[in-house]
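Have the structure open as you go.

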Amino acid sequence: MPSTSTRPKTACLVTFGCQMNKADSERMAGALCHLGYRIVEETDSADLVLFNTCTIRDNAEQKVYSYLGQQVRRKRRNPEITLVLAGCVAQQEGERLLRRVPELDLVMGPQHVNRLADLLERVAEGEQVVATEPIEIFEDITKPRRDSAVTAWVNIIYGCNEGCTYCIVPSVRGREQSRTPEAICQEIWQLGEQGYKEVTLLGQNIDAYGRDIGTNLAALLRSIHSAPGIERIRFATSHPRYFSDELIATCAELPKVCEHFHIPFQSGDNEVLRRMARGYTHQSYRAIIDKIREQMPDAAISADLIVGFPGESEEQFLGTLDLVEAIGFDALNTAAYSPRPGTAAARWSGQLDDDTKQDRLQRVNRLVAAVAQSRSQRYLGRKEQVLIEQASPRDPEQVVGRTRTNRLVYCKGAIDALRGQLVDVRIDEARAFSLSGQLV
Ligand code: SAH
Ligand code: SF4
Ligand code: F3S
């Protein structure tokens, strides 16, 4: 497709879903820059539009189709634009998507992120490409184009080997593949050299890291801990089944590892947990949190939970409320159960009606806000170490950063002087999910 103008081509990436997808988008944006594209925010003028999609619940999937529809109409007027559908919906639907949306140039699953340049080359040759076959993910040779200059995501394990009966992730992300400690260290040392202060290690089951290559997360934390310039290390998402005593002790011992742990529990009822195939009880979950708090008393705990799983009784739901209150979570992602294609639980009887699910969701959300609000109070009057990330989106005179425990903190200041700085902030206002204070 010859172009008469010499202006660089533009690409817009729209990302849905979890941190894994955001990290994948940064790598794909890096590859696009490498190919000479300029990354823009506006979909409606871009020469290439890439949707990196999520299918964790039905509403996430439907959102993708409505965004896509608009670009399909644009492509009918202007066939020169390139339309890419990446991520978990792409993997789930594969070839079917081309029949449904023939305007798509490229459909690519999450395992193919690092191959974007090759796939686009085939598109340029006139092919309509579907890349969803399982592959061994190879190391990325292009540099990600990261959204932040302060804090960076680093994938350490791809895929998921669990079989939670509600969840689509294993079928769209494939089997677990750990990156080697050498590749991870190389990336983190480079980040330190570039001025990054914080890394968040990413994986669907991060604490299962290394079991396919004979190592584990605790050992990895030790080996990355000496990276010059990196002041803070985080990791997500943890699975209660793999959150070992060794891991807790290592986190407590290593000063750069932040005292925030995201450990989804999904339900507070043992029978529901069994039918979810989660592999732990609410008692063993509580025991993990107790151990964390014994060794790191101020640790922040966040999690995910699902209400309205097939067959969940009112009493079983109350078990979840009980756990929310007993643990005192700092933050929680809550969701109503959504049946997903190909998963076991979607075929079971005992599916609850939407009204019941929404009612439980509202009730749990009220409790979550109240619990988070009371957890926030402990910061009042305290001096907290905050890593400043960016200007406040609401007030240009303010900057925003995070505590080690991952609470957002707003304070007055100039971003150009403060970006990437670790500062002390005296907290004088505590809301449920954020704090405000004064620079000390
Ligand atoms: N690997 C992580 C989380 C992955 S998905 C873990 O095991 O905890 C992120 C969250 O989406 C899950 O924790 C769960 O709370 C939610 N989720 C997954 N499948 C869902 C479904 N079918 N309906 C509603 N929520 C779901
Ligand atoms: Fe899904 Fe379970 Fe894997 Fe998490 S551990 S991604 S909930 S299957
Ligand atoms: Fe969504 Fe895929 Fe993440 S389904 S939650 S983007 S792994």
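How many nonpolar, polar and charged residues does the shell around ligand 2 have? Keep that in mind for point 1, and remember that this is a predicted model.

1. Let's start with ligand 2. By class, its shell splits into 6 nonpolar, 3 polar and 2 charged residues. Among the residues around ligand 2 are Cys160, Cys164 and Cys167, along with Glu162, Tyr166, His239 and Arg278.

2. Now ligand 1. Its surroundings come to 15 residues, and the closest are Tyr166, Gln204, Gln266, Asp304 and Ser338. Sorted by class, the shell of ligand 1 has 7 nonpolar, 4 polar and 4 charged residues.

3. The polar contacts of ligand 1 deserve a look. A polar side-chain atom of Asp304 sits 2.6 Å from an oxygen of the ligand. For the side chain of Gln266, an N or O atom is 2.7 Å from a ligand 1 oxygen, and for the side chain of Arg278 the corresponding distance is 3.1 Å. The protein covers 90% of the 540 Å² of accessible area that ligand 1 has on its own. Two elements give two or more residues to this shell: strand S13 (300–307) and strand S14 (331–336).

4. Finally, the annotation. An unreviewed UniProt entry marks residues 9–125 as "domain: MTTase N-terminal". Over that stretch the chain is 49% helix and 20% strand, with its end C-alpha atoms 17 Å apart.

Notes:
Residues numbered from 1 in each chain as written. Chains lettered and ligands numbered in written order. Predicted model: local features only at pLDDT ≥ 70, side-chain atom pairs only at ≥ 80, totals over all residues. Heavy atoms only, no water. Near = heavy atom within 4 Å. Polar contact = N/O pair within 3.5 Å; in protein donor to acceptor, adjacent residues only side chain to side chain. Areas by Shrake-Rupley, 256 points an atom, 1.4 Å probe, with all protein chains shown as cover. Helix = DSSP H or I, 4+ residues; strand = E, 2+ residues; numbered from the N terminus. Nonpolar A, V, L, I, M, F, W, Y, C, P; charged D, E, K, R; others polar. UniProt positions renumbered as here; feature names shortened; annotations may be inferred.
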